[in-house]
Amino acid sequence: MIKIPLIKPDLPKLNRIEKDFRRILDSGKISNFGRYLSIFEKELSSYLDTEVSLVSSGTTGLILALQAIGVSLGKKVILPSFTFMATAQAILYAGGEPVFCDIDEDMTLSLRDLEFLLEKHSDIFAVLGVHTFGLPCKVKEINKIVEDFSKRYNRPIHIIYDSAHALGAEFEGKKIGCFGDAEVFSLSVTKPLVSVEGGVVSSKNSKLIKKINNMRNYGIGKNYNTYYPGLNSKMSEFHAIIGLYNLRRFGSLLRQRQTKARYYLDKIKRLTSFEPQKVYSDKIIHTYKDFTILIPKKLKNKRTKIMYFLQNKGIETRTYFYPPLHQQRFFRKFSNRKLPLTEDISQRVITIPFYASINQKEMDYVVKKLKEAERRFL
Ligand SMILES: Cc1ncc(COP(=O)(O)O)c(C=O)c1O
């Protein structure tokens with residue numbers, strides 16, 4: 001039977017990286033800010049057109065970025081509830097308190113609810129937007145709203161973006177990576193650019209990047225003296241080699257994603273009543289890190305059956321993101337209100353297989369089975 005996995009990581013063939021692996025093994029320089037980390041950092045910085053600091057994961061990158069802007073005990077940070085748990089865990093690890101926000105139809109931070117929360121809590125310290133599945137948040141509007149409240153409260157309110165899904169995404173011709181005080185990417189195996197495990201903090205603020213460079217190394221500054229909070233968030237040379245190799249072919253990987261996503265979107269829209277993630281502007285580039293679609297409202301309570309049907313046809317699916325964070329056991333205590341769109345959307349999501357190397361036959365098969373599921377369960 002045909003088997004279509006949810007994702008396939010983009011990894012190099014051994015012969016493409018063998019020489020570099022030999023080089024670090026022979027020299028013994030396998031970590032602690034070596035040659036490959038430095039080259040990867042330089043090339044990534046040039047690709048994103050902003051400064052970057054490579055770290056061991058998206059999660060540690062978020063923790064460090066939040067601490068670097070001043071998040072500490074009890075500081076409130078707004079984030080969407082419709083995200084991966086790492087976003088909220090990072091706030092808690094930094095000492096902060098998550099304040100859950102609803103989403104818009106496009107599955108990114110709700111502008112209306114953001115305004116409501118900033119009005120309700122005059123002590124919000126920062127806003128953490130998420131470029132969900134690689135669709136950029138409405139960064140211009142978020143910036144304007146936060147700026148207006150900053151003026152009103154006469155103090156800065158910081159903005160960080162969780163860009164874990166969004167390496168390669170663009171907003172009105174600008175690469176994601178330069179918005180807010182800082183942005184944080186993940187380079188783990190499910191992401192558009194893979195370094196096996198890894199993360200990137202990017203920012204136009206070189207002081208902040210310098211600080212992160214110290215924080216990722218236990219907070220050590222000059223003369224073996226600790227200047228900042230910190231942890232071991234170093235990226236090894238092994239990871240940097242894989243990341244660098246993938247960065248050098250990233251243009252082609254992204255183009256494949258774009259072409260294939262267009263094909264998938266067109267077929268799903270034409271042939272089924274499943275609804276792809278809404279894209280609010282034609283001036284953005286979406287990475288489709290995850291290809292999440294919504295079950296039509298009339299089939300809402302049939303999701304488990306539909307997923308089971310697809311599984312029996314060899315198609316792997318997930319429910320990203322269900323349950324939403326404000327309803328999860330560990331985070332419930334930080335929430336005391338309903339988030340209507342988050343709750344509706346999270347009950348209707350199905351993430352279907354998508355990756356740069358997916359082929360037309362595989363996409364046709366998934367769409368055909370979605371159509372069959374729809375007929376069967378209506
Ligand atoms: C939205 C989001 N933020 C943060 C992370 C954490 O990234 P990492 O797994 O590299 O720690 C992920 C991981 O999938 C994610 O989906």
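This is a predicted model: local features need pLDDT of at least 70, side-chain atom pairs count only at pLDDT 80 or more; totals for chains, interfaces and linings use all residues.

Biologist: With which residue does Lys144 form a salt bridge?
Modeller: The general idea is that side chains of opposite charge can pair when their charged atoms come close. Here, Lys144 forms a salt bridge with Asp148, and their closest N and O atoms are 2.9 Å apart. Both residues lie in helix H6, 4 residues apart, which is about one turn of the helix.

Biologist: Which residue forms a salt bridge with Glu18?
Modeller: The partner of Glu18 is Arg22, with 3.2 Å between the closest N and O atoms. Both lie in helix H1 (residues 14-27), and they are 4 residues apart, about one turn of the helix. Glu18 counts as partly exposed, at 33% relative accessibility.

Biologist: Where do Asp106 and Lys138 lie, and what does the pair tie together?
Modeller: The side chains of Asp106 and Lys138 meet in a salt bridge, at 2.6 Å from N to O. Asp106 is in the loop between S3 and helix H5 (111-120), while Lys138 is in the loop between S4 and helix H6 (139-153), so the pair ties together parts that are 32 residues apart in sequence. Asp106 and Lys138 are both buried.

Biologist: How many salt bridges does a search of the whole structure find?
Modeller: The search finds 19 salt bridges. Salt bridges also link Glu275, Lys300, Asp344 and Arg348 in a network.

Biologist: Let us turn to the sheet. How many strands form the sheet, and in what order?
Modeller: In general, strands of a sheet pair through backbone hydrogen bonds, either parallel or antiparallel. In this model, 7 strands form an open sheet with mixed pairing, in the order S1-S9-S8-S5-S4-S2-S3. Strand S1 (51-55) and strand S3 (97-101) are the edge strands, each pairing on one side only. From one strand to the next, the twist averages 25 degrees.

Biologist: In which sense do S5 and S8 pair, parallel or antiparallel?
Modeller: Strand S5 (residues 158-162) and strand S8 (residues 182-186) pair in the parallel sense, over 3 bridges. Asp162, for instance, has Val184 in S8 as its bridge partner.

Biologist: Which helices pack on the sheet?
Modeller: Helix H2 (residues 35-48) packs on the sheet and touches S1, S8 and strand S9 (199-203); the direction of H2 makes about 140 degrees with that of S1. Helix H3 (residues 58-68) also packs on the sheet, touching S1, strand S2 (76-80), strand S4 (124-130), S5, S8 and S9. The direction of H3 makes about 165 degrees with that of S8.

Biologist: How many residues of S1 are buried?
Modeller: S1 is mostly covered, with 4 of its 5 residues buried. S1 and S9 run antiparallel and are joined by 5 bridges. Within this pairing, Val52 stands opposite Ser202 in S9.

Biologist: Which residues make a nonpolar surface patch?
Modeller: Leu11, Val189 and Val196 make a nonpolar surface patch of about 200 Å². Val189 is in the loop between S8 and S9, and is partly exposed with a relative accessible area of 34%. Val196 is likewise in the loop between S8 and S9, and is partly exposed at 31%.

Biologist: What should I look for in the backbone?
Modeller: Most residues other than glycine have a negative phi, and most peptide bonds are trans. Val196, however, has a positive phi, near 80 degrees. Asn223 also has a positive phi, near 50 degrees; Asn223 is in the loop between helix H7 (206-215) and helix H8 (237-248), and is exposed, with a relative accessible area of 73%.

Biologist: Where are cis peptide bonds found?
Modeller: The bond from Tyr320 to Phe321 is cis, with omega near 5 degrees. Another cis peptide bond joins Tyr322 and Pro323, where omega is about -5 degrees. Phe321 is found in the loop between helix H10 (303-312) and helix H11 (340-348), and Pro323 also lies in the loop between H10 and H11.

How values were computed
Residues are numbered from 1 along each chain as its sequence is written. Side-chain values use heavy atoms; hydrogens and water are left out. Two strands pair if DSSP finds at least two bridges between them. Helices (H or I, at least four residues) and strands (E, at least two) are DSSP runs, numbered from the N terminus. Axes are lines fitted to C-alpha atoms, for helices over the stretch in contact, and angles run from 0 to 180 degrees between N-to-C directions. Contact means heavy atoms within 4.5 Å. A salt bridge is a side-chain nitrogen of Lys or Arg within 4 Å of a carboxyl oxygen of Asp or Glu. Buried means under 20% relative accessible area, exposed over 50%, partly exposed in between (1.4 Å probe, protein chains only). Patches are made of residues with over 30% relative accessible area and no salt bridge: like charges are joined within 9 Å, nonpolar side chains (Val, Leu, Ile, Met, Phe, Trp, Tyr) within 5 Å. Accessible areas come from the Shrake-Rupley method with a 1.4 Å probe; for residues, only the protein chains shown count as cover.
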